[in-house]
Amino acid sequence: MPDELVELTCRAAEALRGAFPDWTAPVAVLQTGTGFTAEGLLDEELGRLPYSALPGMPGGAPSPAGHRLEAMLGVSEGSQVLVLEGRRHLYEGYGPHPCVLPLCAAIGAGVSRVFLTSAVGGVREDWQPGTLVVLTDHINCLGTSPLIGNPGLGPSPFPEMQTTYSQELNAGFINAAAEVGLIPRLGVYQANVGPQFETPAEVEIAQRNGADVLGMSVVLEAIAARAMGAQVAALALITNKAAGYMVRPPSHEDVLEAGRFCSRAIMRALRVYLRSLSCDGIRPCPKADAQGPSAATSSATTTRPRGAAIRLASATSDVPCRNKERPR
Ligand code: HPA
């Protein structure tokens with residue numbers, strides 16, 4: 001059990017790369033949350049793979065409507081981008097590993113920048129539905145972690161989480177958002193297991209905890225991605241005010257509707273940011289990228305000692321990059 005996630009990650013990374021013959025070096029991976037689509041981000045689609053084709057992913061239907069559970073490789077402004085459409089949630093009952101495995105596979109395949117989108121409930125009285133919040137921190141109230149059992153995803157069994165959300169990605173995204181007329185807030189996300197929405201008392205506790213928004217995902221993915229050395233940004237859309245703030249209680253339909261309505265503007269901002277990334281030469285060099293999946297592959301078979309970290313070519317700080325050192 002302890003080594004299961006790392007072995008699955010290596011095999012899933014191999015399956016992901018193998019499914020896309022045109023794969024070169026995606027500049028980023030975007031994982032979409034409830035109600036979100038990547039519409040407006042890509043100029044071209046190069047292929048799709050259902051998550052269920054990745055070793056270790058459960059095949060059942062997604063419990064929240066609006067989650068496709070597919071990986072899609074595409075091109076945005078001349079750069080490859082991997083889109084993970086939808087996610088498994090802890091409340092589906094499969095445990096934490098299927099929640100993080102598609103993202104771990106993407107990072108294992110060499111993608112080192114992660115953008116997570118998610119629908120959230122707003123805890124602050126003055127933050128209305130439709131407000132975009134760039135996360136600066138999180139509070140994990142899920143009662144679990146993908147790192148339980150020391151799965152060896154990264155070099156340390158006790159990865160630091162002070163830098164979970166990348167200031168560099170956050171600043172880059174916020175600048176790009178301004179270019180398309182979006183002014184996000186900065187905030188702290190509290191993850192509750194769900195699938196029920198919070199009670200008013202739980203919302204009050206979240207407020208006292210210092211949370212600005214509430215959701216049922218993001219945190220497991222961010223923990224796993226940081227443990228693997230990737231840079232993470234999370235973009236949370238307030239789809240409803242949390243319980244106790246409105247006469248009408250929050251509903252899943254509100255969440256889907258707000259996601260559909262605002263997703264395109266967020267994708268436009270992301271597109272501007274990814275364009276700037278592909279212009280500044282911070283992409284992994286082809287050689288480093290070529291080492292990524294084969295390193296993952298070989299460690300999946302014989303060479304990785306039990307409990308050792310996967311070495312990710314483009315997700316570790318010692319990767320040669322084309323023009324300058326990989327940003328931290
Ligand atoms: N609570 C938790 N998760 C959510 C909410 C909420 O109010 N809205 C969207 N996701």
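Predicted model: local features only at pLDDT ≥ 70, side-chain atom pairs only at ≥ 80, totals over all residues.
Helix α2 spans residues 97-108 and is mostly covered, twelve of its twelve residues being buried. The buried set begins with His-97, Pro-98 and Cys-99 and runs on through Val-100, Leu-101, Pro-102, Leu-103, Cys-104, Ala-105, Ala-106 and Ile-107 to Gly-108. In an α-helix there are 3.6 residues a turn, so residues three or four places apart point the same way. Gly-110, which follows α2, has a positive phi, near 110°.

The ligand is the next subject. Around the ligand stand 13 residues, of which Ala-119, Gly-121, Leu-214, Gly-215 and Ala-242 come nearest. Three strands, β5 (113-122), β8 (213-215) and β9 (231-241), each supply at least two residues of this shell. Strand β5 provides the largest share, with three residues.

Leu-46 counts as partly exposed because 17 C-beta neighbours are found inside 10 Å, whereas 20 or more would be required for a buried residue. Beyond its neighbours within four places in sequence, Leu-46 is in contact with Phe-20, Asp-22, Leu-73, Gly-74 and Val-75. In the case of Phe-20, 26 residues from Leu-46 along the chain, the two C-alpha atoms are separated by 7.5 Å.

Conventions. Residues numbered from 1 in each chain as written. Helix = DSSP H or I, 4+ residues; strand = E, 2+ residues; numbered from the N terminus. Near = placed C-beta within 6 Å. Contact = placed C-beta atoms within 7 Å.
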